[in-house]
Amino acid sequence: MNAFSQTWLVAVRDFRERATSRAFQLSTAITALLVGGFIVVPGFFIEDGPPMWDVGYVGTAPAALGQAVAAAATEPDTAVTVTPVADAGAARSGVLDGTYDVAVDGHDILTGPATPQELSALLAATAGGLDLSRQAREMGLDAADLESLLAAGRYQVVELEPADDEEDGNRVVAFFGVVFLFVSIVTYGQWILIGVVEEKASRVVEVVLGAVRPHRLLTGKVIGIGALGLGQLLLIGTIAIVLASRSTNLELPEATAATALAIVVWFVLGFALYATAYAAAGSLVSRQEDAQNAAFPLTLVLMAAYFIASFSFTGDNVVLRVAALVPLTAPMTMPIRMATGDAAGWEVLLSLVLMVTSTWLLIRLAGRIYAGGLLRVGSRVKLREAWRGAEA
Amino acid sequence: MEGATVLEIESLHKRYGDVVALDDCSFDVPRGTLLGFLGPNGAGKTTAMRTVFGLVRPDSGRVRWDGAAIDSDVRLRFGYMPEQRGLYQRMKIHDQLVYFGRLHGMTRPAAQASATRWLGEFGLNDRIDSRLEALSHGNQQRVQLAAAMVHEPELLVLDEPFSGLDPIGVEAMAGILQRQAADGVAVVFSSHQLDIVEDLCDDVIVVNKGRVVLAGAVADLRSRSPRRYLDVETAGGDNAWADGIAGSSVVMRNGSRIRLSVDADLDLAAVVAAASAAGEIRHFSFEPPNLSEVFREAVGQ
């Protein structure tokens with residue numbers, strides 16, 4: 001019987017037994033609800049539909065003002081209502097109490113805390129333009145003269161590279177992805193830990209190891225539980241992205257899909273590495289109560305990797321650059337550097353190679369610790385004893 | 001149908017720190033035999049069994065199957081029931097047996113058929129969708145045994161299969177083991193219930209402190225013993241007549257009845273004469289030791 005089919009059988013069993021458990025289904029549903037709610041609920045408190053702007057105007061407004069502002073607005077179907085106001089005092093109080101979004105008093109554009117920036121800017125430009133053309137007509141210039149006059153002073157902005165806030169947007173999406181990845185590795189790593197201790201505590205492991213070599217059992221467990229975790233991650237991630245892209249109050253940067261893909265890839269790699277280590281830790285103890293203690297060093301390393309990832313908000317730096325290559329920290333730092341475009345191609349490639357090699361090595365090492373630890377019952381087995389206790 | 005040796009245990013040594021678990025332990029198991037693997041607690045029985053399954057790596061010595069070293073493929077033809085019972089508590093029992101069948105290389109349909117057959121055999125066919133944790137202790141034990149046999153192994157190694165069973169369970173277990181042996185399976189089991197072993201086994205191995213101290217057919221071991229048990233009851237009188245028998249020790253004294261451990265070459269005619277002088281002989285037996293007595297002699301307790 002080949003190694004693959006046994007590993008596969010172990011993986012399928014671990015996947016199926018957990019996927020059909022009430023606890024898993026419940027936790028998936030609750031997480032999906034929480035994530036979905038987190039994205040959708042704020043939308044209820046924000047007005048939907050195209051903006052409706054109220055402009056107060058002291059005196060008589062130029063007839064075309066409202067229409068011109070509406071036409072220049074970025075949102076289609078923007079509606080602008082211009083209301084005449086008796087005097088400057090009424091205009092001020094109207095803006096401050098929210099009756100008007102903005103008011104015009106002579107050459108003053110009166111804005112309050114709730115005034116949309118786009119509106120005040122458009123209003124200044126449009127009103128100014130209308131004033132100019134009226135003045136030009138009074139000076140006897142025709143439309144063509146006015147146009148050439150205006151064209152002489154027109155400058156345009158040419159964007160050579162997207163502004164930093166687009167890169168910041170990618171960074172934010174990647175960082176949320178990394179938070180998600182961190183939580184997932186911790187959660188599914190715990191499943192591995194619990195699963196291994198459960199097999200050891202119930203003694204079933206002796207029967208299983210009579211037929212299956214330890215590193216195959218280990219690999220099967222990591223694949224089975226990892227696949228389940230990935231499934232949950234994809235389900236919740238898809239819900240999050242679909243809801244966010246349909247929501248009017250959140251704007252996703254263009255690179256979101258690529259970032260999401262990178263997160264998935266790094267989840268798979270990171271999970272394989274950490275899960276293997278969690279399994280080895282679990283094999284050293286006989287009771288669930290001791291499991292957390294055995295896994296503590298690992299949790300510490302994960303936390304450290306996460307904190308290094310959060311350094312990324314200060315921009316790219318040497319710590320981040322190194323961390324993105326080191327296998328234990330790469331899953332949480334490399335996706336961010338990839339999203340912001342800071343990582344060179346060779347860095348990504350090197351990081352991937354290091355990651356895969358070290359995971360393979362760890363599986364062989366952990367397999368031996370696993371084998372040595374699994375049949376020792378009672379107090380916690382020392383790492384060295386486990387190592388000596390078995391053949392891989 | 002006793003066959004040729006298939007499992008060879010060759011001078012296994014294993015130490016755990018200062019504790020010697022196996023000390024030059026060697027024995028053979030033929031096909032189609034029920035072999036009782038006996039020894040006091042801590043004698044190394046479990047360690048020896050685990051070595052067969054590669055669960056313990058011996059410091060030296062080897063285990064061979066059919067004349068060749070055992071690899072992970074050969075091991076799939078073995079069935080094992082460890083002393084510490086354990087299966088997946090929350091898994092349905094039929095699924096569980098299918099899983100173990102397939103881990104041992106069976107196809108899915110074959111594993112399903114075998115799982116169904118064994119659960120039927122144990123009267124559990126209406127419980128196939130029950131989780132293990134929902135079963136009684138005795139039924140869990142049956143599922144454990146089924147898990148060791150679902151893949152129709154050629155070697156069955158059972159660590160204390162009779163412990164925790166009621167008399168009916170013991171009888172059922174004994175019947176199953178006998179049928180397995182009759183089908184040509186090499187069956188090795190450890191037990192402290194020596195009366196069961198004596199009834200059931202063709203051969204026994206006794207280990208003490210990691211060494212095999214006795215091996216052979218039960219009847220041979222009994223008759224080979226240098227000791228005999230003399231059991232005499234006379235009508236009336238006391239049992240003082242027995243005090244003069246050389247090399248004897250009293251096992252039990254009860255009024256006019258006495259049980260003595262004596263040398264095998266005892267002059268029986270003299271004993272009969274002495275006993276009849278004390279009173280009419282009501283009961284007289286001169287027998288080799290039973291297995292428990294052989295065991296105690298062998299391990300020096």
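Predicted model: local features only at pLDDT ≥ 70, side-chain atom pairs only at ≥ 80, totals over all residues.
I looked up how the strands of chain B are arranged, and I found an open sheet of 4 strands in the order E2-E1-E4-E5, with antiparallel pairing. Strand E2 (19–30) and strand E5 (68–69) of chain B are at the edges, and because each has a single partner strand, one side of each has no neighbour in the sheet. I then followed strand E1 (residues 5–16) of chain B, which pairs with E2(B) in the antiparallel sense over 9 bridges. For one position I noted the partner by name: Arg15(B) is bridged to Val20(B) in E2(B).

**Entry two, where the chains touch.** Next I looked up the contact between the chains, in which 22 residues of chain B meet 18 residues of chain A. On the chain B side, the elements that give two or more residues are helix H2 (72–75) and helix H3 (93–103) of chain B. I sorted the residues of this side by class and wrote down 11 nonpolar, 6 polar and 5 charged.

Which angle do helix H3 (residues 65–72) and helix H5 (residues 117–138) of chain A make where they pack? I found an angle of about 130°, with the axes 10 Å apart, and H3(A) is therefore oblique to H5(A). The contact draws on Leu65(A), Ala68(A), Val69(A) and Ala72(A) from H3(A), and on Leu122(A), Leu123(A), Thr126(A), Ala127(A) and Leu130(A) from H5(A).

Notes: Residues numbered from 1 in each chain as written. Chains lettered and ligands numbered in written order. Pairing = 2+ DSSP bridges. Contact = placed C-beta atoms within 7 Å. Nonpolar A, V, L, I, M, F, W, Y, C, P; charged D, E, K, R; others polar. Axes fitted to C-alpha atoms, helices over the stretch in contact; angles between N-to-C directions. Parallel < 35°, antiparallel > 145°, perpendicular 65-115°, else oblique.
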